[in-house]
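Welcome! Please take a moment with the sequence and the 3D structure, and then let us walk through a few of its helices together.

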Amino acid sequence: AIDQLLPDYDINTPRRVAAFVAQCAHESGNFAFIKENLNYRAASLIKTFGKYFPTQELAQQYEKRPEKIANRVYASRMGNGDEASGEGFLYKGRGPLQLTGKNNYRAFGKYISREQEILDNPDLVATELGFESALWFFDANKLWSICDQGINDAAILALTKRINGGTHGLDDRKAKTKKFAGWLP
């Protein structure tokens with residue numbers, strides 16, 4: 001699928017291929033996870049999502065309850081309804097880039113003329129449309145221009161912040177990008 005899709009998105013340089021594949025590899029645990037794993041213990045909730053779990057007591061109420069965690073963490077943002085709506089879990093991260101949030105699912109679906117189908121069945125982003133959703137995200141967020149800046153720490157940092165919202169896994173992303181770039185002509 002990726003070989004067929006790369007030309008459609010003008011992924012025609014080693015920099016773009018290396019950066020794209022590296023970011024997807026990191027986000028998906030080396031392509032092992034096509035759905036976001038939200039099975040956190042209390043300590044990990046505080047470390048990863050401290051804004052939403054400021055106390056040990058609150059984190060323990062959500063510990064190892066992925067649906068409840070997603071509904072809290074993704075509530076009332078990215079186009080999702082409030083915690084009770086269940087949309088946080090419904091539109092959790094999927095695909096190699098972990099597309100997240102109802103707004104992203106809607107925009108991607110609209111782009112490929114399958115909006116309602118994707119909103120009704122978001123697991124399509126974890127299966128047949130996974131790589132296309134990741135390519136769309138790069139394209140829609142104008143990330144290719146960052147890739148074109150080269151295989152360097154500054155470009156990888158900029159991509160990571162735009163994809164992840166922070167610097168989570170930055171060292172791994174740097175290592176993967178540089179390794180993949182070394183494999184390409």
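**A short tour of some helices**

The buried residues of helix α5 are covered by, among others, α3 (42-48), α4 (56-62) and α6 (87-90). Keep in mind as you read on that this is a predicted model.

**Helix α5**

- Which residues of helix α5 (residues 66-73) are buried? They are I69, A70, N71 and V73.
- The cover over these buried residues of α5 includes parts from both sides of the list above: α3, α4 and α6.

**Helices α7 and α9**

- Two packed helices are described by the angle between their axes and the distance between the axes.
- Helix α7 (residues 102-111) packs with helix α9 (residues 130-140) at an angle of about 100 degrees, and their axes are 10 Å apart.
- Angles from 65 to 115 degrees count as roughly perpendicular, so α7 is roughly perpendicular to α9.
- On the α7 side, the contact is made by N104, A107, F108 and Y111; on the α9 side, it is made by E132, S133, W136 and F137.
- By type, the residues of this contact between α7 and α9 are five nonpolar, two polar and one charged.

**A look at R106**

- You can find R106 in helix α7.
- Is R106 buried or partly exposed? R106 is partly exposed, because its relative accessible area is 30%, and partly exposed covers the range between under 20% (buried) and over 50% (exposed).
- If we set aside neighbours within four places in sequence, R106 is in contact with E115 and L119.
- R106 and P122 are 16 residues apart in sequence, and their C-alpha atoms are 9.7 Å apart in space.

Definitions and conventions
Residues numbered from 1 in each chain as written. Predicted model: local features only at pLDDT ≥ 70, side-chain atom pairs only at ≥ 80, totals over all residues. Heavy atoms only, no water. Buried < 20%, exposed > 50% of the residue type's maximum accessible area, 1.4 Å probe, protein only. Helix = DSSP H or I, 4+ residues; strand = E, 2+ residues; numbered from the N terminus. Contact = heavy atoms within 4.5 Å. Axes fitted to C-alpha atoms, helices over the stretch in contact; angles between N-to-C directions. Parallel < 35°, antiparallel > 145°, perpendicular 65-115°, else oblique. Nonpolar A, V, L, I, M, F, W, Y, C, P; charged D, E, K, R; others polar.
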